[in-house]
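I hope they are handy while you click through the chains.

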Amino acid sequence: MADLTNTETIRPGWFSTLANPTTFMRLSGKVLPWLAVATLVLFAVGLTGAFLAPPDYQQGETVRIMFIHVPSAWLAMMSYTIIAISSAGYLIWRHPLADVSAKAAAPIGATFTLVALITGSLWGKPMWGAYWVWDARLTSVLILFFLYLGLIALRQAIDEPGRAGRAAAILALIGAVNIPIIKYSVNWWNTLHQPASVIRADGPTIHSSLLWPLLVMAIAFTLLFVVLHFKAMRAEILRRRCDALIARHVRGDAARAGTEEAANA
Amino acid sequence: MNAFLALLTRDLTLALRQGSAIGTALGFYLIAVSIIPLGLGPDLALLSRIAPGILWISFLLSAVLSVDALFQEDRDDGSLDALAIGPLPSELIAASKSLAHWLTTCVPLIVVTPLAGLLLNMELNAVPKLLATLAVGTLGISFVAGAGAALTLGLRRGALLLPLLILPLFAPFLIFGVGALSGAAGAFSQSILLLGALSLFSVAAMPFAAALALRLSLE
Amino acid sequence: MPVSSLAALKLACQRGGRIVVPALSFKVEAGRALILRGPNGAGKTTLLRTIAGYLPADSGRVIVSDDKGEGTGEGHFHYIGHTNGIKPRLSVIENVSFWQRFYSGADDADAAENALDAFALLDLAEYRAGHLSQGQARRLGLARLLASKRSVWLLDEPSVSLDAASTRRLETAIRHHLAQGGIALVSTHLDLALGDAATVLELQHGRAFAA
């Protein structure tokens, strides 16, 4: 009968140990202050570089919006990638921490996407003479923003956390396979946009005095994302533990050891 | 395969007997097409130019609004329980339902599209091309919409949530569908191929997502 | 019938992350029925839906032994819940024929008619199911059990809205099913006359015992 009890226990291994919510709480608690300090330092360095850089000969001072816009757009994609990987992890292994990760990343990703849209639109006004010109890249980001909104709305529409997590995970994966298609179709639709200018096979085309602050800002934004994501995951884990404790208190029943595990989860 | 056909024929029979579902989708499509000139003004040259876009967008909205009920009745009356433990994998149940949606909603909409095109002063020689894009593209639309309907099955405000979830996924269909009629050299053959690939991909992939969502809805 | 037994091994059933039925073990041999009793909320529906495979078990498992070995029982179950799974716009015979075709993959008009006959619906065969009374609709829902052969019947309050005569017909159908080597798990408030073939399992909140 020993095999019967195995179904819900976590197999030992480095991944499972790391992915255990309690271990995650302990480790992330230790790492977070250092990450936060590193983020602040990088932002200080990156912003200094951004303001000391010479104005662009074509775009003038507005080029500085790039230091916010480009990292935000990069994080908009990275957040969705993290959500998609977490969602796959949750659907395949039913690991609760993967669901916590997907849930926590969605609003953060949506915010970075919105920042990318707003800065892109502000950047576009002096360049194109209009706040919104249906540029292919901005349009793709706009559709990505709607995918985020859908994910958040679907999760909110379902009360039961386990079901909400799985439904959102299914939708996230549908979105993930569609993003390249959407991107391709939007490019096809509108080929009147700037060529990608940071990373190209023949090397960067933007001036190096702009490039290094941009790279520092990209790393700073990425660290900011990690800090926010960890923080949000910790909050979510604590919230689920509270919910489990309250539920147990309300039901006045201590004989449900399994429930706490499932809800912690 | 017989179980698949049994389910498909049952759904087609039900749609024909009910009738009102098909009629409502048709009515919605025509009113959506008709109300746009009221907003834009009766400039025939303008309408003629944007007719493919108007027809495709109205088509997509009609498809989204009609798909909401795709699994709802089966869930409410217990049929979905019985279907789920039958011999047909959930993926094929979802595929059968999506195919039924295409046959009972999209095909009638395609049939009235020439009439809607007349309202918009569409050039007659563009009509067969438009019908071709719709015939190729909307099959995929029904399968994407089927997955969305399975995800929102039984949710409060599901009808409002569904368009938010799936309209972004319709963007490529819309782009290639309307792009086919842009008149650019080679645009038609290229975009109809892309549209076909997109439809095939949706037909192959979406039932898996829909099946996961259907099983979730039975819990 | 190929199924020789259905067993639950330390089966704990959950709904919405909440454990409703704690580790429960039982075994039902071919030709026998298990009657589930207990107050509302004791977990009868959750237990039946877990066995049917709709709900994932919290722990433990369901083992159905057939001629190919042990499995989860997929493909062996008929499940009738609180709803009947019938379409008001289809006629009575179309409803039962659909399920017959869907489950067995081939047309068998006799099986469909016999199923209706067993629940005294043959006279109404050509009427739309939407015209049926509640009791008649329940019988039509139950006719699905007979329209295609499956070894394990999971019946959740099957006798609801049935009159005395119809309940007798249900008992006859179950007894016949058991006599052919089938298995039935039935949750019910009523006494079903199944004789020696039935064992009763009382579910109380959080506990279960044989009665």
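**Notes on the three chains**

1. Let me start with one residue: Thr50(C) is buried, as 27 other C-beta atoms lie within 10 Å of its own. Here a residue is called buried if 20 or more other C-beta atoms lie within 10 Å of its own, exposed if 12 or fewer, and partly exposed in between, with C-beta atoms placed from the backbone. Thr50(C) belongs to helix α1 of chain C. Leaving aside neighbours within four places in sequence, Thr50(C) is in contact with Leu11(C), Cys13(C), Leu55(C) and Ala57(C); contact means that the C-beta atoms of two residues, placed from the backbone, lie within 7 Å. Trp99(C), 49 residues apart from Thr50(C) along the chain, has its C-alpha atom 22 Å from that of Thr50(C).

2. Before going on, a word on the ground rules. This is a predicted model, in which local features need pLDDT of at least 70 and side-chain atom pairs count only at pLDDT 80 or more, while totals for chains, interfaces and linings use all residues. Residues are numbered from 1 along each chain as its sequence is written, and chains are lettered from A and ligands numbered from 1 in the order in which they are written. Helices (H or I, at least four residues) and strands (E, at least two) are DSSP runs, numbered from the N terminus.

3. Now the sheet of chain C. Four strands form an open sheet in the order β2-β1-β4-β5 (chain C), with antiparallel pairing; two strands pair if DSSP finds at least two bridges between them. The edges are taken by β2 (18-29) and β5 (69-71) of chain C, each with a single partner strand, so one side of each has no neighbour in the sheet. On average, and with direction ignored, neighbouring strands of this sheet are turned by 20 degrees against each other.

4. Axes are lines fitted to C-alpha atoms, for helices over the stretch in contact, and angles run from 0 to 180 degrees between N-to-C directions.

5. Going through the strand pairs, β1(C) and β2(C) are antiparallel and share eight bridges, with Val28(C) in β2(C) as the bridge partner of Leu6(C). Their hairpin has two residues between the strands, and Gly16(C) takes a positive phi near 60 degrees there. β1(C) also runs antiparallel to β4(C), over seven bridges, and Ala7(C) stands opposite Ile63(C) in β4(C). Strand β4 (residues 57-66) of chain C is joined to β5(C) by three bridges, again antiparallel, and Asp66(C) faces Gly69(C) in β5(C).

6. How is chain C divided into domains? The assignment, which is automatic or from a database, gives domain 1 (1-76 + 150-211) and domain 2 (86-149). Taken over C-alpha atoms, the centres of these two domains of chain C are 23 Å apart. Eleven residues from domain 1 of chain C and twelve residues from domain 2 of chain C take part in the contact. On the domain 1 side, helix α5 (residues 164-179) of chain C gives the largest share, four residues.

7. Chain B has nine helices and zero strands. The C-alpha trace of chain B spans about 55 × 35 × 30 Å along its principal axes. Of its 219 residues, 50% count as buried in chain B. Residues 24 or more positions apart account for 82% of the contacts in chain B with a separation of 6 or more.

8. Chain A likewise has zero strands, with eight helices. Buried residues make up 37% of the 265 residues in chain A. Of the contacts in chain A with a separation of 6 or more, 73% are between residues 24 or more positions apart.

9. Finally, which parts of chain B touch chain A? The contact brings together 22 residues of chain B and 24 residues of chain A. Elements giving two or more residues to the chain B side are α7 (127-151), α8 (158-179) and α9 (187-218) of chain B, and α8(B) has the largest share, ten residues.
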